[in-house]
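Hi,

Here is the structure I promised to send over. Have a look at it first, and then read on for what turned up.

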Amino acid sequence: MAFTAAEQAAMSRALELAATPGVPLGPNPRVGCVLLDAEGRTIAEGHHRGAGTPHAEADALARAGDRARGATAVVTLEPCNHTGRTGPCADALVAAGVRRVVFAQPDPNPDAAGGAATLATAGVDVESGLLTVESGLLNRFWTFGLEHGRPFVTWKFATTLDGRSAAADGTSRWVSSPAARLDTHRLRATCDVMLVGTNTIAVDDPLLTVRDEQDRPPAHQPLRAVMGERDLDAGRRVFNADAPSVRLRTREPEEALAELFARGRRHVFLEGGPTLAAAFLRAGLVDEIVVYVAPMLLGAGRSAVADLGITTIADAFRPRVTDITVLEGEEPNVRLTLAPGKD
């Protein structure tokens with residue numbers, strides 16, 4: 001596979017466009033497109049802005065007009081081959097007279113795949129494989145949903161050195177440092193659901209929104225989901241108008257994830273207490289763990305996770321460490337990122 005320097009630069013730019021801040025997350029992939037002329041100069045750019053909006057290719061073609069004829073389209077995802085809310089991008093590229101298409105990630109969606117074959121049949125020069133890994137990372141949760149039929153689950157918690165998430169009197173604000181809490185808001189913004197149990201709402205009354213260092217909310221907030229059968233006071237902060245909320249009247253992780261998936265949600269940020277965390281771990285439904293470790297000892301208090309049914313060290317749950325980061329500040333915390341399973 002041979003790619004020109006202009007195509008490589010265009011793909012990097014297309015990835016930037018695909019990752020444009022403010023685009024709603026959910027059941028649609030993030031896609032960027034750059035159109036180049038015969039000399040490798042940019043004609044037009046486009047990106048997908050969420051469900052029901054023009055796809056990246058259609059956005060770029062509309063901006064290019066007649067200049068698209070004979071152009072090269074550089075796209076982060078294989079042009080789609082199906083009709084949904086919008087028409088097939090493969091057909092639109094052919095109709096516009098595009099000469100060459102370079103894409104990064106093959107479309108894993110069986111309902112939309114096949115665009116490359118349609119383009120090739122129409123005489124368009126098609127190449128794939130440019131920055132495929134980067135494109136896959138951009139849409140990792142969307143791809144995971146297609147492959148597994150459920151949302152990707154990130155379990156986040158904060159703990160002391162001795163594994164406590166709260167003191168013996170129940171106080172837990174704040175186990176993590178200000179830097180860790182700000183980092184948590186950054187990670188919350190990458191998901192489309194924040195999930196807790198009813199006990200967390202009843203005891204802590206969290207707001208469960210994304211905020212920045214000035215305590216300002218972004219334009220788009222994740223869905224706040226509360227699972228469990230316990231009745232809750234409608235005045236709890238999670239039910240206010242700051243962000244959408246939903247009650248999941250179940251104690252079963254599989255049922256909760258199925259309902260969220262049906263609502264078009266693809267990345268769950270699990271912030272519940274030790275009982276909810278244990279339920280997801282026992283069900284094998286945790287795909288990533290983010291833990292903030294504070295340099296303090298309590299000696300007693302609530303454990304970070306409840307009983308997992310493990311009675312011997314040989315059966316210990318042993319996630320694989322994928323990243324270790326020290327969050328500097330007056331109270332440095334260590335952030336560990338881990339993946340369940342073996343190397």
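**What I found: the sheet and its aromatic rings**

Strands β8 and β11 run parallel and are joined by three bridges. In that pairing, M194 sits opposite F269 of β11. Before going further, please keep in mind that this is a predicted model.

On its other pairing, β11 meets β6, again in the parallel sense, this time over four bridges. There V153 is the residue facing V268 of β11. Are the two faces of β11 covered or open? Both are covered: H267 and F269 are buried on one side, and V268 and L270 are buried on the other.

Helix α10, residues 274-282, lies across β6 (152-160), β8 (193-197), β9 (223-227) and β11 (267-270). Relative to β8, helix α10 runs at about 110°.

Zooming out, these strands belong to an open sheet of eight, with mixed pairing, in the order β10-β9-β8-β11-β6-β12-β15-β14. Which strands stand at the edges? They are β10 (245-248) and β14 (320-327); each has a single partner strand, so one side of each is left without a neighbour in the sheet. From one strand to the next, the twist averages 20°.

At the β14 end, the partner is β15 (residues 333-339), and the two pair in the antiparallel sense over seven bridges. If you want a spot to look at there, V321 stands opposite L338 in β15.

Now for the rings. Searching the whole structure gives three aromatic pairs. One of them is F144 with F152: the ring centres are 5.2 Å apart and the planes are at 85°, so this pair counts as edge-to-face. F144 and F152 are both buried. W155 and F157 make a stacked pair, at 4.3 Å centre to centre with 20° between the planes. W155 is buried, and F157 is too.

F144 and F152 also belong to a cluster: ring pairs link them with F141.

One last thing to look at is R266. Where does its charged end sit? It is over the ring of F261, 3.8 Å from the ring centre.

Cheers

How values were computed
Residues numbered from 1 in each chain as written. Predicted model: local features only at pLDDT ≥ 70, side-chain atom pairs only at ≥ 80, totals over all residues. Heavy atoms only, no water. Pairing = 2+ DSSP bridges. Axes fitted to C-alpha atoms, helices over the stretch in contact; angles between N-to-C directions. Contact = heavy atoms within 4.5 Å. Buried < 20%, exposed > 50% of the residue type's maximum accessible area, 1.4 Å probe, protein only. Phe/Tyr/Trp six-rings, centres within 6.5 Å; stacked < 30°, edge-to-face > 60°. Lys NZ or Arg CZ within 6 Å of the ring centre and 35° of its normal.
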